[in-house]
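Let's take a friendly walk through the place where two chains meet. Please have the sequence and the 3D view open as you read.

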Amino acid sequence: MKREGRRDRQSTAARAFVRGELTRRELLAGAAGAVGGALLAGVPVPASAAQVHGADLPPVPADPTKVQGAPTSAVGARSRFVTPARTPTGEVTGNSLTPLQDLTGTITPADLHFERHHAGVPLIDPTRHALTIHGLVRRPLRLSVEEIRRFPQVTRIHFVECAGNGRQAYRDPKPDMTPQHVAGLTAQSEWTGVPLKVLFAEAGVKPGATWFLAEGGDACVMARSIPVSKAMDDALVVWAQNGEPLRPEQGFPLRLLLPGWEGNANVKWLRRLELGTEPWMTRWETSKYTDPLPNGTARQFSFVLDAKSIITFPAFPNVLTRGWWPVTGIAWSGRGRVTRVEVSVDAGRSWHDAQLQGPALPKAHVRFTHHWRWDGAETVLLSRTTDETGYVQPTRAALVGMRGIGTDFHFNQMSGWHVTRDGRVLFHGDT
Amino acid sequence: MRLTLIALGGAALAACSGNNPSANALEPGTYGLGRAPTAAEVAEVDIDAAPNGHGLPSGSGTAAQGAALFRTQCAGCHGDKGQGMAPVFPALIGRDTASEGFRFASDPKLVKTIGNYWPYATTIFDYVRRAMPHTAPGSLTNDQVYALTAYLLAANQVIPDGATLDSARLVRVQMPYHDRFVPDDRRGGPTVR
């Protein structure tokens with residue numbers, strides 16, 4: 001037990017070392033000091049190397065050029081020095097967060113894609129799974145997974161974000177929150193599937209149909225009402241993610257993908273689509289996923305995710321030394337392309353256009369970087385993004401003023417990181 | 001092109017996706033994949049119930065029957081008074097004055113219940129039938145779901161304690177805060193809403 005605890009600490013420190021956050025001296029001193037204490041208190045301790053890679057680990061050679069390496073393997077595993085982890089709660093109703101601080105680029109490894117389930121992850125045999133399309137259609141259809149894969153297919157890169165992402169950072173920001181805690185309910189994948197309009201054409205959707213019910217095959221038979229116009233725009237029924245079949249946590253064997261719309265509406269384990277003329281008013285579009293407002297109303301069917309960004313490095317619990325650092329993170333908008341990300345390194349007094357890495361795809365995470373030389377002074381790092389509609393990510397104060405501190409979903413407020421004079425980096429949510 | 005597609009509906013869609021070989025007698029734009037589900041196959045999965053009564057089955061139940069069911073099937077997670085067990089099992093019942101008036105945006109501590117928040121009574125039936133009880137989802141009969149719906153509405157002071165519910169009565173139940181729900185008015189652009 002004691003040994004395992006030490007391994008956890010060592011692997012955490014090793015992980016930080018690989019990312020260049022700790023000096024070798026700090027690593028050798030162990031992670032029990034101030035930095036290590038913060039690490040252990042503020043972030044979930046990742047699975048130890050032994051848990052991730054099995055107990056029979058060969059020793060690390062002093063010089064890897066003097067011994068033969070490992071043979072080939074059926075399925076690759078991460079380096080034992082790299083142990084990113086989600087934050088499982090152990091409940092079937094709940095979530096686990098993507099470790100945004102451990103990612104680069106914009107594609108989330110499928111096994112680190114955040115989870116939000118309402119009745120656990122169902123175990124579905126794809127050969128027995130079917131998608132039924134019925135209601136206001138001329139030809140009700142029952143399609144097997146294999147049949148769905150025979151339609152013309154497309155591949156698209158899109159983010160998925162839970163409507164509740166950022167709630168804690170909105171209501172009660174704390175200095176020891178990591179990017180994972182602040183905004184880990186978003187992830188991005190390359191998705192492959194069939195445009196929903198192709199399936200609707202196959203079923204012969206009747207002209208009067210304006211809404212459809214999308215229903216999953218999990219233990220709560222999760223269901224959402226979606227406007228048919230979204231199907232005719234860019235909705236997909238996907239079966240693959242990052243080059244392989246969907247992960248069970250992401251809806252294997254089929255999920256609805258509604259680019260730019262709140263995660264809950266992207267129904268996983270999709271089993272049924274019913275066409276109709278009005279919304280069904282399921283629990284997930286009435287009791288949940290509605291936005292109470294200060295004027296005593298609640299916004300309903302607030303599907304679109306407004307523009308948002310977060311700096312993922314530097315972030316708590318990193319410790320900086322003076323010199324050049326990349327200030328990097330991700331930005332996205334459910335309304336189209338990100339056109340601009342600005343970074344402030346002086347608490348918002350001045351702003352710099354960050355470099356957008358690679359193409360800014362519509363309704364997709366884009367990575368931004370601003371190179372910055374820390375001079376040892378206390379400061380706050382901030383990011384804000386603008387999308388192609390001209391929408392600028394608001395401050396927390398602006399959003400609280402508009403929606404109230406108790407509103408329940410769609411938290412796209414600006415956030416940042418407070419850098420102390422001794423180089424510690426703490427979450428700054430009070431923008 | 002997109003506007004045209006929406007305006008013309010199915011016909012334009014068919015033309016758009018119509019590069020499939022159509023030697024067989026398919027409707028243009030279709031691929032001949034899948035088959036018509038049988039009535040039994042549809043019935044097995046078609047479990048939704050909507051505010052206009054669509055999908056509500058025959059059957060009925062009383063609030064008293066529902067109270068007994070609640071004790072055996074629901075109270076273990078939701079509490080004997082329906083007060084819930086945070087964070088996993090939500091509160092169902094409660095009309096305390098502090099939480100009345102739909103002030104949820106101003107105070108995150110206010111607890112939402114069926115009575116002080118939910119806009120449609122049919123949602124209770126739809127959800128209980130598809131998802132409850134936690135230990136045996138989808139195991140309740142339609143009569144039992146009507147009874148539990150009646151109990152939850154009565155305990156939330158929406159219908160009388162002695163009420164019986166069936167499909168005709170359920171669609172007529174008006175929830176206290178039904179009119180507070182409004183469409184999304186966010187449209188992008190420079191205005192934050």
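## About the model

This is a predicted model, in which local features need pLDDT of at least 70 and side-chain atom pairs count only at pLDDT 80 or more, while totals for chains, interfaces and linings use all residues. Residues are numbered from 1 along each chain as its sequence is written, and chains are lettered from A and ligands numbered from 1 in the order in which they are written.

## Where the chains touch

In this model, 53 residues of chain B are in contact with 66 residues of chain A (C-beta atoms, placed from the backbone, within 7 Å). On the chain B side, α1 (2-8), α2 (10-16), α3 (39-45), α6 (122-131) and β3 (181-183) each supply at least two residues; helices are DSSP runs of H or I of at least four residues, and strands runs of E of at least two, numbered from the N terminus. The most comes from α6(B), with six residues.

## A sheet across both chains

Strand β14 of chain A (residues 298-300) pairs with β3(B) in the parallel sense over three bridges; pairing takes at least two DSSP bridges between two strands. Ala298(A) stands opposite Phe181(B), and Gln300(A) has Pro183(B) as its bridge partner.

The open sheet of three strands runs β13(A)-β14(A)-β3(B), with mixed pairing. Because β13(A) (291-292) and β3(B) stand at the edges with a single partner strand each, one side of each is left without a neighbour in the sheet.

## The covered helix

Ten of the ten residues of α6(B) are buried (20 or more other C-beta atoms, placed from the backbone, within 10 Å of the residue's own). Among them are Phe125(B), Tyr127(B) and Arg129(B). Their cover includes α7 (142-155) and α8 (167-172) of chain B.

Conventions
Two residues are in contact if their C-beta atoms, placed from the backbone, lie within 7 Å. A residue is buried if 20 or more other C-beta atoms lie within 10 Å of its own, exposed if 12 or fewer, and partly exposed in between; C-beta atoms are placed from the backbone.
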